[in-house]
Amino acid sequence: MSLQNFISNAISPWMNNEGPEADIVLSSRVRLARNLADKPFPIAASKEQLSEVIQDVEQRFAGHAHRKFGQLELLNMEELKQNEKRVLVEKHLISPNLSDESKAGAVLLSEDESLSVMVNEEDHFRIQVLLSGFQLNQGLKYANEIDDWMEEKVDFAFTEKRGYLTSCPTNVGTGLRASVMMHLPALVITQQMKRILPAINQLGLVVRGIYGEGSEALGNLFQISNQMTLGKSEQDIIDDLRSVVMQLIQQERSARELLLEQSKVQIEDRVYRSYGILSYSRNMESKEATQRLSDVRLGIDMGLIKGVSGKILNELMILTQPGFLQQYAGEILSPEQRDQRRALLIRERLKLESEFQSGGGNK
């Protein structure tokens, strides 16, 4: 697959497979941090040494087929334009750190984009598996398969006492970071998230925004992940996270039922008002668009808005980000131009969806 394919479509192919609990858990991610035993870690390595790692990866893995993920393609960060890297960040295929701070970085991608292996981010390898819905155990299974496949060709830094060695002490041990992206608007509206967030942190989990560490929880999207990896098995980490996420799912569903019982008119007004603004606005800032899209997604999932697919809203969450807007425009846009194009894109996409649902899409 070419670079153009990776950056042209907002929806990654894996997103089209709606997984369990997909109305609340948008995606599950399992990431393994690994380093080469015979190379300095990226934080201490020179650019020349990191370039050697990329060359080795290209020879051993790029273009080679894996049983589950097929042929992998290597994208070198130095060969990409800034906006192309930004699009990959918006699709969660690379981290902002790899895009902006790595001295010599790259990423291995599967054709369906459910697998990305970041090269020379904080560690030599960040093996990341992305799946739709709530599929942590399946994600762990696939990540371990890639881990084993890579370890057949390279030696990872590992000790019997400490496990896998990583740049950050919090990743030492299993090197596992599991996370889920959750849409929790009802808990935010009912102001329960203020109470829930400290309790989650006390359980050894961390809550971040849509793009991970340091990012804001826009559109009522929260990334819940484990914080420590040392002293726990991979399955223990997954089980602990899964238990908390199941409780959050139940609490979000209860909060949605409460809104329908006690504030139906108010919640209907909120979701339809946002739908109307998205359908007719001529100017739309990114933050407002994300919040309005969250409202509409809530209305769809609660059965209040008919004839609009939730997947369209998933697509628009990514498609309206600055990188994608500029990619489609084929030029760098000013903030004002981005706001106008964002509004136009949302209007046209919602109109197309409405026509599809009422016409040819049902034939």
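Glu113 is buried in this predicted model, at 2% relative accessibility, where buried denotes under 20% relative accessible area, exposed over 50%, and partly exposed the range in between (1.4 Å probe, protein chains only). Glu113 occupies the loop between β4 (106-110) and β5 (115-119); helices (H or I, at least four residues) and strands (E, at least two) are DSSP runs, numbered from the N terminus. The phi angle of Glu113 is near 65 degrees, a positive value in a residue other than glycine. A positive phi of about 65 degrees is also found at His92, again not a glycine. His92 is placed in the loop between α3 (82-90) and α4 (96-100), and with 23% relative accessibility it counts as partly exposed.

Residue numbers start from 1 along each chain as its sequence is written. Because the model is predicted, local features need pLDDT of at least 70 and side-chain atom pairs count only at pLDDT 80 or more, whereas totals for chains, interfaces and linings use all residues; side-chain values use heavy atoms, with hydrogens and water left out.

Salt bridges were considered next. Side chains of opposite charge can pair when their charged atoms come close. With a salt bridge defined as a side-chain nitrogen of Lys or Arg within 4 Å of a carboxyl oxygen of Asp or Glu, the count comes to 22 salt bridges. One of them joins Arg253 to Asp23, with the closest N and O atoms 2.9 Å apart. Arg253 belongs to helix α8 (residues 234-262) and Asp23 to the loop between α1 (3-8) and β1 (25-34), so this pair ties together parts that are 230 residues apart in sequence. Arg253 is partly exposed, with a relative accessible area of 31%, and Asp23 is likewise partly exposed, at 23% relative accessibility. Both residues take part in a network of salt bridges that links Glu21, Asp23, Glu252, Arg253 and Arg256.

A further salt bridge is formed between Asp123 and Arg126, whose closest N and O atoms are 3.0 Å apart. Both Asp123 and Arg126 are buried.

Within helix α5 (residues 136-151), Glu145 and Lys141 lie four residues apart, about one turn of the helix. These two residues form a salt bridge in which the closest N and O atoms are 2.9 Å apart. Glu145 is buried, with a relative accessible area of 17%, whereas Lys141 is partly exposed at 42% relative accessibility. When neighbours within four places in sequence are left aside, Glu145 is in contact (heavy atoms within 4.5 Å) with His66, Arg67 and Lys68.

Grid points are joined across faces, edges and corners, and a volume is the space filled by probe spheres set on the points. By this rule there are two cavities of 30 Å³ or more. The largest cavity holds about 50 Å³ of space and is lined by Leu26, His183, Leu293, Arg297, Leu313, Asn314 and Met317. This lining comprises four nonpolar residues, two polar and one charged; Ala, Val, Leu, Ile, Met, Phe, Trp, Tyr, Cys and Pro count as nonpolar, Asp, Glu, Lys and Arg as charged, and the others, Gly among them, as polar. At least two lining residues come from each of α10 (286-301) and α11 (310-319), and α11 supplies the largest share, three residues.

Helix α11 is itself largely enclosed by the rest of the structure, because eight of its 10 residues are buried. The buried residues of α11 are Gly310, Ile312, Leu313, Glu315, Leu316, Met317, Ile318 and Leu319. Among these, Leu313 and Met317 also line the largest cavity. At the start of α11, a side-chain oxygen of Ser309 comes to within 3.1 Å of the backbone nitrogen of Lys311.

Pro335 is located in helix α13 (residues 335-358) and is partly exposed, at 47% relative accessibility. Pro335 and Pro322 are 13 residues apart along the chain, and their C-alpha atoms are separated by 8.7 Å.

Definitions and conventions: On a 1 Å grid over the protein atoms alone, a cavity is a set of points where a 1.4 Å probe fits but cannot get out, and a pocket is an open set with protein on both sides within 12 Å along at least five of seven lines; lining residues have an atom within 4 Å of a point. A polar contact is a pair of N or O atoms within 3.5 Å; within protein, one must be able to donate a hydrogen and the other to accept it, and residues adjacent in sequence count only if both atoms are side-chain atoms.
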